[in-house]
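Biologist: I am new to this structure. Could you show me how to read it?

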Amino acid sequence: MKITMLGTGAALLDPDRAQSGILVTLSNGTHYLFDCGAGTSHNMIRAHANPVDVKLVFLTHLHHDHICDFPLFAISGWMYNRQTAPIVLGPRGTQHFCDHLFEGGAFESDFQARSAYGARKENLQAVRPDVREVSPGLAYADDDVRIDCDWVEHIPREISECFGVRMEAEGKTIAFSGDTAPCDAMVKLAQDVDVLFHECTFPEAFIEFRAKGNVGTYSHTSPTDLGKIAKEAGVKKLVATHFGHFDSTHPTLQEIAKAHMPVDLMGPHQMDDVIRDIRKNYDGELLLAHDLMRIDL
Ligand SMILES: [Zn+2]
Ligand SMILES: [Zn+2]
C-alpha cells in the first residue's frame, strides 16, 4: 500500500498546504480517501491519482477543512466518466451534506446543464454518492480492506460527531486521528499500527496564546501529548499532520492569522519545537507531513 498526503494544513488558506486529505492506494490501484479538504482534488492530480479510481471517501467530521473539496471531487469524477457511485462514510449529517450538493442542491444549475449531455446522463451515479453514516466499530469492509472507527474528542458530539479511523489492508495497519484532543479512543485505534497519521495543529507556544485569547475552545493535540499518544499506542511510525499554518512566512497568510495566533512567532523554525516536544515522549520513527509526501508500506 502507498499513502500520499494530499493536504497537511488546517482551516486557513495556505499557499503551501492544502486542507486535510490522505490518499491510500492499494497495489491493485484502488484508492481510499480520508478527508477531502480544499486543495486535495488538485493534489490528487499532482500525485497522478484519478478521482475515478477512488472507491471510498471517509469524512472524519464536517468541519469545512475536511469536506470543502468533496463537491469538486464528485463532479470531477462525473465529468471523467466514473461509472460507480463513490462510497462516502462519515458522521451523522453526511447524508444531509451530500443531499444538498447536486440534484436540488447548491450545484443544481451545473447538474441540470451537464446532465443534458447524453454521456453524463449515463453516469449520474457518480454524483449520487452511496452515503453510509457510521457508528463506532466496524465502518466498512471489502475483500481488500477493513476500516474501524471510533469517536474522538474535537467538537461537541451533538454538533458533529468526529471520528478517528484504523484501516487494515495488504497485511499493514494504519490509523488517522482526524481532528482531536488527546483521547483514549485514538490510542486504542492506533495500537501497534505501522503508521499513525495524527493531527498536530499548534505548537505549545501557540496553544498558550490561543488559550488567553478568545479564538474558540482548544480541541486539538499538542506535540507533547502527541508524543505520549504515539508511545502509549506503540506505533512503528508517526506522521504529524494538520498543521495550523504556524510555519508559514507568507505575508497575506500572516495578516489573516493575526486574530488566530502569535504572528511574530510564525515561521518554519516552529517545526523544531514541534519535534523537540514530540521527542519528550516518543523515540520511534517520526515524520512531519508536507503536501504530496508519500509513504510506501
Ligand atoms: Zn481540521
Ligand atoms: Zn476540525
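This is a predicted model: local features need pLDDT of at least 70, side-chain atom pairs count only at pLDDT 80 or more; totals for chains, interfaces and linings use all residues.

Biologist: In what order do the strands of the open sheet run?

Modeller: Start with the general idea. Strands of a sheet pair through backbone hydrogen bonds, in a parallel or an antiparallel way. Here, 7 strands form an open sheet with mixed pairing, in the order E6-E5-E4-E3-E2-E1-E14. E6 (130-133) and E14 (294-296) are the edge strands. Each has a single partner strand, so one side of each lacks a neighbour in the sheet. On average, neighbouring strands are turned by 20 degrees against each other, direction ignored.

Biologist: In which sense do E5 and E6 pair?

Modeller: Parallel, over 4 bridges, with E5 covering residues 87-90. Glycine 90 has glutamate 133 in E6 as its bridge partner.

Biologist: Now helix H9. Which of its residues are buried?

Modeller: In an α-helix, residues three or four places apart point the same way, because there are 3.6 residues a turn. In H9 (residues 223-233), the buried residues are Pro223, Asp225, Leu226, Gly227, Ile229, Ala230 and Ala233. They pack against helices H7 (184-189), H8 (204-212) and H11 (270-278), and against strands E11 (195-199) and E12 (237-241). Just after H9, glycine 234 has a positive phi of about 65 degrees.

Biologist: Which residues touch the most other members of the largest nonpolar core?

Modeller: Nonpolar side chains tend to be buried together in soluble globular proteins. This core has 75 residues, and Ile22, Val57, Val165, Ala175, Ala190 and Leu196 touch the most other members. Helix H3 (residues 70-79) gives the largest share, 5 residues. Beyond four places in sequence, alanine 190 contacts Ala175, Leu196, Ile229, Ala233 and Val235.

Definitions and conventions:
Residues are numbered from 1 along each chain as its sequence is written. Chains are lettered from A and ligands numbered from 1 in the order in which they are written. Two strands pair if DSSP finds at least two bridges between them. Helices (H or I, at least four residues) and strands (E, at least two) are DSSP runs, numbered from the N terminus. Axes are lines fitted to C-alpha atoms, for helices over the stretch in contact, and angles run from 0 to 180 degrees between N-to-C directions. A residue is buried if 20 or more other C-beta atoms lie within 10 Å of its own, exposed if 12 or fewer, and partly exposed in between; C-beta atoms are placed from the backbone. Two residues are in contact if their C-beta atoms, placed from the backbone, lie within 7 Å. A nonpolar core is a set of buried Ala, Val, Leu, Ile, Met, Phe, Trp, Tyr and Cys residues joined through C-beta atoms within 7 Å.
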